[in-house]
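User: I would like to go through the surface patches and charged pairs of this model, one question at a time.
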Amino acid sequence: MPIHPLKRLVVKLFNKLPLRTVLIVPFVLQTVSAVALVGYLSFKSSQEAIEDVAHQLIEQVGERIRDRLADNSTPSEISTFLDRLHFSKSGQTFIMDRSGNLVAASTLETPAAKPAKQQPARSLAVNSSTRTRDIARQIANRFGNFPALQTSQQFTLTFKRERQFVRVAPYRNARGLDWLIVVVVPESDFIDRLHANTHHTLWLSAGTLALAIAIGSLTSRWVTKPILRLNTAAKNVAKGDWDRPLEIKRLDEVGELANSFNLMAAQLQQALADQKSLNEALAQSESQLKQFIEAIPAGVSIHDTSGKVVYLNQTG
């Protein structure tokens, strides 16, 4: 739509609105926009802060596990250590080798499977409990295979439609161990904090909006009330009611307008009074002139500029 027709439409629309509404609506809209922007930025900032905290947490947990592995613990001892970490409400850790075999897990899963008539063998992580299996499969799909992971990686995955913060770090030692340390923290462990921040932001936004509406209403009332009184005073003057002076004691432009109106009304009242006096004097002069002309015994006529008779005494 072209700018000029749109501008005319807006002007036409605002011309139909009361002055108070015209003053309040833009102010409220501006406040709502500012509050919404601040709320959105606050929400995004909270999300980024949660991600930073989650990544720092899983990195610290990974370092603790690495330090524990340096003690040459057995897989059972490592699993017990992982179970006792308690680094978050639903956090999970597990260790697997480059073939995807589960070495230890915080869920205390038994890493050794016993096929019939065979020696015990480690179970694959992709065949473990639901969460371990799903995370292990997604890691394998993400990097193609486990041997491809040569450096620590931090990323997010999805499990049951919920984001999971994941860190995978390789671990090697002089004994020839080549394992992968996996730390998983669901976003839900931090969501309470995010919800608390969101609720605070919503309450703050609602309070700010209510305050903005109240201030806008008071401001519009402060502006429009003297204008409405001025309008009423002008109508009273038009009716000839001069006994109701406009009393607006303000030092701003509205106060100056009220003073100018009172001065104009006083001058208009004086002018009308002077005109009334002149009309009365003129009528009295005409009456005296008529009496004088009627008293003349001779005929007297008065003509206008075209020669037409406009008055003739009784004698004439």
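User: Which residues form a nonpolar patch on the surface?

Analyst: This is a predicted model, in which local features need pLDDT of at least 70 and side-chain atom pairs count only at pLDDT 80 or more, while totals for chains, interfaces and linings use all residues. Residues are numbered from 1 along each chain as its sequence is written, and side-chain values use heavy atoms, with hydrogens and water left out. A patch takes residues with over 30% relative accessible area and no salt bridge, joining nonpolar side chains (Val, Leu, Ile, Met, Phe, Trp, Tyr) within 5 Å and like charges within 9 Å, with areas from the Shrake-Rupley method and a 1.4 Å probe. The nonpolar patch has about 260 Å² of accessible area together, and its members are Phe27, Leu211 and Ile215.

User: Is Leu211 buried or exposed?

Analyst: Leu211 lies in helix 5 (residues 188–238), where helices are DSSP runs of H or I with at least four residues and strands are runs of E with at least two, numbered from the N terminus. Buried means under 20% relative accessible area, exposed over 50%, and partly exposed in between (1.4 Å probe, protein chains only). Because its relative accessible area is 52%, Leu211 is exposed.

User: What is the N to O distance in the salt bridge of Asp178 and Arg98?

Analyst: A salt bridge requires a side-chain nitrogen of Lys or Arg within 4 Å of a carboxyl oxygen of Asp or Glu. For Asp178 and Arg98, the side chains meet with an N to O distance of 3.1 Å. This pair links distant parts of the chain, 80 residues apart, with Asp178 in strand 7 (residues 178–186) and Arg98 in the loop between strand 1 and strand 2 (102–105). Asp178 is partly exposed at 27% relative accessible area, whereas Arg98 is buried at 12%, and the distance asked for is 3.1 Å.

User: Which residues are linked with Arg163 in a network of salt bridges?

Analyst: Arg163 forms a salt bridge with Glu187, their closest N and O atoms being 3.1 Å apart. That pair joins distant parts of the chain, since Arg163 is in strand 6 and Glu187 in the loop between strand 7 and helix 5, 24 residues apart. Arg163 counts as partly exposed at 26% relative accessibility, while Glu187 is buried at 17%. The residues linked with Arg163 in the network are Glu51 and Glu187.
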